Every structure is written in C-alpha cells, then in structure tokens.
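This report describes how one protein chain is packed. Please view the sequence and the structure together while reading.

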Amino acid sequence: MPGKIGPLTIRNRVIRSAAFESMCPGNAPSQELLDYHQSVAAGGVGMTTVAYAAVAQSGLSFDRQLWMRPEIVSGLMLVTDAVHKEGAAASIQLGHCGNMSHRSICGQTPVGASSGFNLYSPTFVRGLRKDELPEIAKAYGNAVSLARQAGFDAVEIHAGHGYLISQFLSPYTNHRHDEFGGSLDNRMRFMDRVMDEVMKAARNDIAVIVKMNMRDGFKGGMDIDESLEVAKRLKEDGAHALVLSGGFVSKAPMYVMRGAMPLWTMTYYMDSWWLKWGVRLAGKWMIKDEPYKDAYFLDDARMFLDKIKDIPLIYVGGLTSRASIDKVMNCGFPFVQMGRALLNTPDFVNRMKQTENYRCECGHSNYCIARMYSLDMACHKHLNEKLPCRVEKEIERLEKEIIEP
C-alpha cells in the first residue's frame with residue numbers, strides 16, 4: 001500500500017534505514033554503494049536511505065563516509081537514478097558528528113556543544129562558539145540543496161544517537177551557559193536553527209524526515225519526557241515525519257543496535273596496534289551489552305504514538321520478520337525502517353510477499369557493525385573470504401546467546 005510523507009508518495013511502507021554502509025572511500029559515492037542500494041530497491045522497499053552524509057568536513061567521523069559537496073553530486077545522481085529505475089524512492093541522511101571525530105579524519109580539533117574529552121576517539125573536543133552556529137546550520141541547508149541536485153526525494157536529518165544536534169539536546173553533553181544551554185528550550189535552539197535552514201532549502205518538493213532519540217539510554221541523558229517535547233518542536237519546525245530511535249554512540253552505543261559488540265572481530269580489522277589492544281582490554285567496560293529482542297523500541301515508541309499527532313511516526317529497531325512488522329504496524333505506525341535485515345536479505349520485502357511468515361537469517365551477532373568501523377558494512381553470511389576461526393567462534397557464541405521472545 002502506498003504511503004505519503006510530506007510531498008512524497010512511496011510505493012509501500014517499508015524504508016531502508018540509514019545504517020552506515022562505509023562504502024565511500026575518499027568521502028565520495030562508490031560503485032559498491034550504488035550496487036547495494038540498487039539491490040535493496042529491486043528487493044521491494046518503498047524507499048532506501050543512503051546513510052550518514054556529513055554536511056561539512058568538520059562533521060566527518062569516518063574516512064569512508066560521504067561528505068556533501070558539489071564534487072560528488074554527479075556520483076550521487078548515478079545512485080538515485082539506479083534506485084528510481086527499480087521503482088523505489090531515494091533518501092539521504094544528513095548530519096554532523098560533532099565530537100565523535102578525530103583531527104586525522106575531520107582535519108581539525110573536533111567540535112561539539114561543549115568542550116571536553118571524547119574517550120572513544122580519543123581526542124580533546126572544542127565547544128562551538130555562538131558565532132559559529134549559523135554557519136553550521138546553513139551547512140545543513142546547503143546539503144539539502146545538493147541532495148535535490150542529486151535527485152533525492154527525501155532527506156533525513158540526524159538529530160539522535162549523540163551526534164551534533166543530539167549533543168546540544170542532551171544535558172549529558174550540553175554544559176553551555178549561553179542561550180543554547182541549560183533549559184530544554186535553550187538546548188533546542190540549535191536544532192531549531194538547523195530545521196529553519198533545512199525547511200527553506202527543501203522548499204515544497206523534498207520530504208524532510210528527522211531521526212531523533214526517545215531516550216539517550218543512560219542516567220543523565222535525555223529521557224522520554226524531554227524527548228516528547230523535542231518531537232512536538234520538530235513538528236512545529238516543519239518536519240514531515242519522525243524516526244523514533246535511541247542511544248548515544250559515545251556512551252551507550254549498543255542501546256541503538258542491541259545485543260553485544262563482537263570485540264575480537266572489531267579489533268581483527270583494525271590497523272592500529274594500540275587501538276586493537278586498547279579495545280580488547282577495555283572494550284567490555286566501554287561498550288555495554290544490551291539485550292536484543294524483536295521490535296525492541298516498541299514500548300517507548302507507542303508512548304510517542306499516543307502523544308504526537310498529525311505527523312507520521314516511523315518505527316525502527318529489531319524488525320527481522322513479517323510478524324514483527326505486522327505487530328508494529330498494527331499498533332498504528334504508518335512506516336517501518338530496517339537496516340540489518342536488508343543487509344542480510346536485500347530482497348526481504350519481496351520474500352515477505354512470497355512467504356507469509358518470512359523471517360530473515362540475521363543472527364544478531366553484530367558482525368556487520370564490528371566490520372563497519374574499518375571496512376564496508378557486510379553480513380558475514382555473504383562473504384567470499386574465509387573468516388579466522390576466532391572470529392567465527394565469536395559470531396557463533398553471540399548468535400547462540402540471542403533469545404527471541
């Protein structure tokens with residue numbers, strides 16, 4: 001059944017979420033990125049989302065991440081043309097990583113809502129001056145204009161997961177003493193400025209989706225009460241739909257993805273010897289496991305469904321079967337997003353049409369996430385190369401630990 005988001009109508013209610021592909025060496029689109037999104041579009045989704053494009057060089061957190069600039073528009077047009085030929089719509093996620101970077105990647109001392117030290121990079125972080133904020137907000141608007149030139153039907157503004165907008169929203173990372181810090185109204189000011197630039201650039205022909213946190217996932221972060229106010233403000237700011245997510249990459253990364261991080265697998269792909277051993281020794285302390293279950297954000301998301309009206313709310317989190325999708329949509333969510341399921345099975349939607357109780361073969365070991373930090377995101381079940389025995393054993397152990405409801 002077709003669905004409508006702002007000015008955009010898509011052929012069905014399933015959207016490929018903006019799960020980072022790590023397929024953009026040189027911060028530009030690759031044939032690999034095109035092939036993957038084309039395969040997902042051919043697999044039946046209503047819309048596929050190209051992930052995590054930085055609106056400025058200072059917003060890069062990976063060296064295989066898109067950086068929105070005029071030089072890459074022609075390459076992105078090849079991606080959107082391929083997606084459109086398969087009958088799907090194309091969206092692109094736009095964001096700024098804030099303090100989740102390193103000088104070696106973003107070309108400067110990383111910036112954030114406030115000064116401090118980011119243990120995960122690791123690096124010192126400089127708090128943004130008030131006079132720098134308009135330029136960064138305009139970078140979001142410029143990125144929307146570039147997305148239009150590249151043929152995208154929608155943009156997804158990343159305001160969650162502990163990246164820059166989220167760093168302003170969260171009391172955990174916002175310690176400012178000016179009008180952009182303190183009360184929630186103040187902490188939303190930067191988001192408001194970004195949305196003003198985004199909506200002006202979107203005009204009337206691009207759908208604007210915003211990914212936001214329902215909870216940061218730890219004590220001292222944003223929680224449901226404040227997040228409901230953020231959702232209301234985003235609606236006032238003109239957003240056409242909201243993606244309801246959660247988690248904080250610098251504090252509670254597995255709250256986003258659930259399950260355990262396969263630390264040995266992650267370090268196997270790392271080049272830096274000191275980083276390898278640092279993660280192996282301290283990884284369990286830094287990256288807390290979170291229990292996985294199907295539709296793990298549903299209880300929280302239903303609270304938003306009860307309170308936020310007249311704007312489509314998009315469910316994301318733990319959808320790997322027709323049964324879990326039906327459960328979510330029967331609650332009243334008009335759209336669903338999936339990431340890992342479509343990495344494991346790009347034609348997931350078409351298979352659901354053929355098999356009533358279809359479930360993909362994702363085992364939730366998070367191998368794809370561990371690999372993503374160094375190479376392209378890929379499912380271990382589709383690799384041509386033979387994995388080391390230690391990696392295979394870690395994957396097998398983690399998949400056995402998953403208990404489905």
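Leaving aside neighbours within four places in sequence, with which residues is isoleucine 157 in contact? The model is predicted, so local features need pLDDT of at least 70 and side-chain atom pairs count only at pLDDT 80 or more, while totals for chains, interfaces and linings use all residues. Residues are numbered from 1 along each chain as its sequence is written, and side-chain values use heavy atoms, with hydrogens and water left out.

With those neighbours set aside, the contacts (heavy atoms within 4.5 Å) of isoleucine 157 are Leu94, Tyr140, Ile165, Val194, Val198, Val208, Ile209, Val210 and Lys211.

Ile157 also belongs to the largest nonpolar core, where Met68, Ile92, Leu94, Ile157, Leu242, Phe304 and Tyr315 touch the most other members. A nonpolar core is a set of buried Ala, Val, Leu, Ile, Met, Phe, Trp, Tyr and Cys residues joined through side-chain atoms within 4.5 Å; buried means under 20% relative accessible area, with a 1.4 Å probe and protein chains only. Helix H4 (residues 133-149) supplies the largest share of this core, 9 residues.

| Nonpolar core | Size | Members include |
|---|---|---|
| Largest | 128 residues | Met68, Phe304 |
| Second, separate | 14 residues | Ile5, Ala154, Val243, Phe335 |

In soluble globular proteins, nonpolar side chains tend to be buried together.

For the whole chain, 61% of the 405 residues count as buried. The C-alpha trace spans about 50 × 50 × 40 Å along its principal axes. Among contacts between residues at least 6 apart in sequence, 70% join residues at least 24 apart.

Technical notes:
Buried means under 20% relative accessible area, exposed over 50%, partly exposed in between (1.4 Å probe, protein chains only). Helices (H or I, at least four residues) and strands (E, at least two) are DSSP runs, numbered from the N terminus.
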